[in-house]
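Student: I have a structure open and would like to learn how to read it with care. Could we go through it together?

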Amino acid sequence: MNSTLDVIKQILDEQMNMPVGRVFAYNSNVDLPQDSELFIPLYYAERKPTANNSRMVSTAQGVEEHQSINMVEDVIIALISRDTSARDRVQEVFLALNSYFSRNLQAVNKLHISSIGEAYDKSFLEATSMLNRFDIRIRIFRSYEKINSIDYYETFSFETWVENQDGNIVKSNFEYPEE
């Protein structure tokens, strides 16, 4: 399963016709471009679980533990450029995320990207380098699954020691299920 950032990268690359290497996960050992063209780092702002489940499922091979978790992931898409393309192309991100290409990719990867997000002018953060920077915060709802085989015993025995009211200790052996 692709990571959420990989899915967003694929959508932006395809729908915004971005050159290779211009959309990447922040802090992924990628050198920042030195030209004035647009580049788009992606990073997680917050990730919160909304549901976490575990259940046992009987299969022909034995018993499996099926775990699932639903997450709300806030992702920041930062449009950065020395020219005006970061400012001029903000709306393209929202269009790309709501495209049919995006919807199909979301279905394949078990996630939903909200069609409405927030865009903030963060150019002031770049100080003297005079970069245009717009951060777009989007919310993603994602489901993850994991299947583990677990030890399961059809029969097992155990013993109990019980002290009666008269002070006598009684030992009992049990076989489960009873034969």
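Predicted model: local features only at pLDDT ≥ 70, side-chain atom pairs only at ≥ 80, totals over all residues.

Student: Which pattern does the protein follow along the sequence?

Tutor: Helices (H or I, at least four residues) and strands (E, at least two) are DSSP runs numbered from the N terminus. Here there are four helices and eight strands, in the pattern α-β-β-β-α-α-α-β-β-β-β-β.

Student: Which residues of the largest nonpolar core touch the most other members?

Tutor: In soluble globular proteins, nonpolar side chains tend to be buried together. A nonpolar core is a set of buried Ala, Val, Leu, Ile, Met, Phe, Trp, Tyr and Cys residues joined through side-chain atoms within 4.5 Å, where buried means under 20% relative accessible area, exposed over 50% and partly exposed in between (1.4 Å probe, protein chains only). The largest core has 26 residues, of which I8, L12, I40, I77, L79 and I138 touch the most other members. Helix α1 (4–15) gives the most to this core, with five residues. Apart from it lies another core of five residues, including F24 and L131.

Student: Which residues of α3 are buried?

Tutor: They are V90, V93, A96 and L97. Seen down the axis of α3, these residues fall within an arc of 120°, so they line one face of the helix; the arc is that of the directions from the helix axis to the C-beta atoms.

Student: Is E73 buried or exposed?

Tutor: E73, in strand β3 (residues 62–81), counts as buried because its relative accessibility is 0%. Its side chain is joined to that of T4 by a polar contact of 2.6 Å, a polar contact being a pair of N or O atoms within 3.5 Å; within protein, one must be able to donate a hydrogen and the other to accept it, and residues adjacent in sequence count only if both atoms are side-chain atoms.

Note on methods. Residues numbered from 1 in each chain as written. Heavy atoms only, no water.
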